[in-house]
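The text below takes them in turn.

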Amino acid sequence: MKVEYDVEAGALATFGVRARAAAVVRWTTADDLRRLPEDLPRPLKVIGGGSNLLFTGDFGGTLLVREGAGRIERESELIWRADGNVELDALCAALAEAGVRGLENLSGIPGTVGGALVQNAGAYGSETCSHLLDVRLLELESGRELTVDRQWLAPDYRTSRLQSEPGYVVLSATFKAEPATSPANVDYGPLRSLSPHESPMTIREAVLATRASKLPDVKQTGSAGSFFRNPEVPAELLRPEMPRYELANGLFKVPAAWLIDQCGLKGQRRGGAMVWPDQPLVIVNAEGTATAADILELEQLIVNTVRERFNITLTPEVEHI
Ligand code: EPU
């Protein structure tokens, strides 16, 4: 375990905005977490790949970062276990290479398995928790380890219990894949032209190609993926031309990208922050020089403009700390 105090921590988040942290702990074993120094600045904040995180300023607490690439184990043909720090895409690749289904639609999502579970990351009609069996957690305050199932996690659109109860660290997770003979999930827009009999690897490649055509590569351009959630709105706020998806609760999910696009905000800038022209739900750190204030100003401009025009209030999907 390595403990550092008052360090530049911006590089721990894919937005690439400068920020200092009062402390950063790099840990490897569960015992490290049980032996944390008593006087660490609080709060303790667990971070994974930092791909859904905005430092809004300097962070006064301690960031807990797990060292290493983590292990993926195939426990049986369809049961796969991954450490929390495994890159989600590495797990998606491993399943697709083995010819089993379940995670191929999540290909290319940046971040770790642990982070993806906390926010139930999703894309192209699949969510991280869709094929989850169980999760091994460590409760930070007590040092106790526990195994929980999907029901405990209560996954919902871009959230789970681990987001509202942040005192846990994801040590590992087990997923149950499906055999290649079961149909692929090709219901979502750009995948509809594919046959449900295509191999998991073919679906993975199609997903990666679609993502590459719309989303910035976080290794080249700082961003945190979709900045806002797609809002759920009541019928009286719908307009005839508005794309919508009816939910079981009687509300309608409307693409925030469409609302932002209609407001003419593609390419709009505040300092170094910019609305990504190919997918306006994404804010980027265009040249790597954006400050947190630039991003917050652009966020406010988007929220205000969409609210004035449509009377719909967008809420951020990216965690602000
Ligand atoms: N649209 C426009 N103009 C544009 C782009 C999109 O009007 O320039 C409209 C279109 O109507 C399009 C709709 O927005 O049909 C939806 O766009 P898209 O299918 O690209 O998906 P999204 O709803 O904007 C969500 C996720 C993404 C995920 C994609 C694909 C959220 C907040 N975002 O975006 O997730 O990759 O679906 O499944 O749910 C992320 O969470 O970081 C993320 C990238």
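The model is predicted. Searching the whole structure for disulfides gives zero. Cys 129 is buried, at 1% relative accessibility. Cys 263 also counts as buried, because its relative accessibility is 17% and the class covers values under 20%.

Turning to the rings, there are five aromatic pairs in the structure. One of them joins Phe 15 and Phe 227, with 6.2 Å between centres and 70° between planes, an edge-to-face arrangement. These partners are 212 residues apart and link distant parts of the chain: Phe 15 is in the loop between strands S1 (2-8) and S2 (20-27), while Phe 227 is in the loop between strands S13 (222-226) and S14 (232-233). Both Phe 15 and Phe 227 are buried.

Trp 152 and Tyr 168 form an edge-to-face pair too, since their planes meet at 85° and their ring centres are 5.4 Å apart. Here helix H4 (residues 150-153) supplies Trp 152 and strand S12 (residues 168-176) supplies Tyr 168, 16 residues apart. Trp 152 is buried at 19% relative accessible area, and Tyr 168 is buried at 14% relative accessibility.

Arg 161 lies over the face of Trp 152, 3.9 Å from the ring centre. Over the ring of Tyr 157 sits the charged end of Lys 253, at 3.1 Å from the centre.

Key. Residues numbered from 1 in each chain as written. Predicted model: local features only at pLDDT ≥ 70, side-chain atom pairs only at ≥ 80, totals over all residues. Heavy atoms only, no water. Disulfide = S-S within 2.5 Å. Buried < 20%, exposed > 50% of the residue type's maximum accessible area, 1.4 Å probe, protein only. Phe/Tyr/Trp six-rings, centres within 6.5 Å; stacked < 30°, edge-to-face > 60°. Helix = DSSP H or I, 4+ residues; strand = E, 2+ residues; numbered from the N terminus. Lys NZ or Arg CZ within 6 Å of the ring centre and 35° of its normal.
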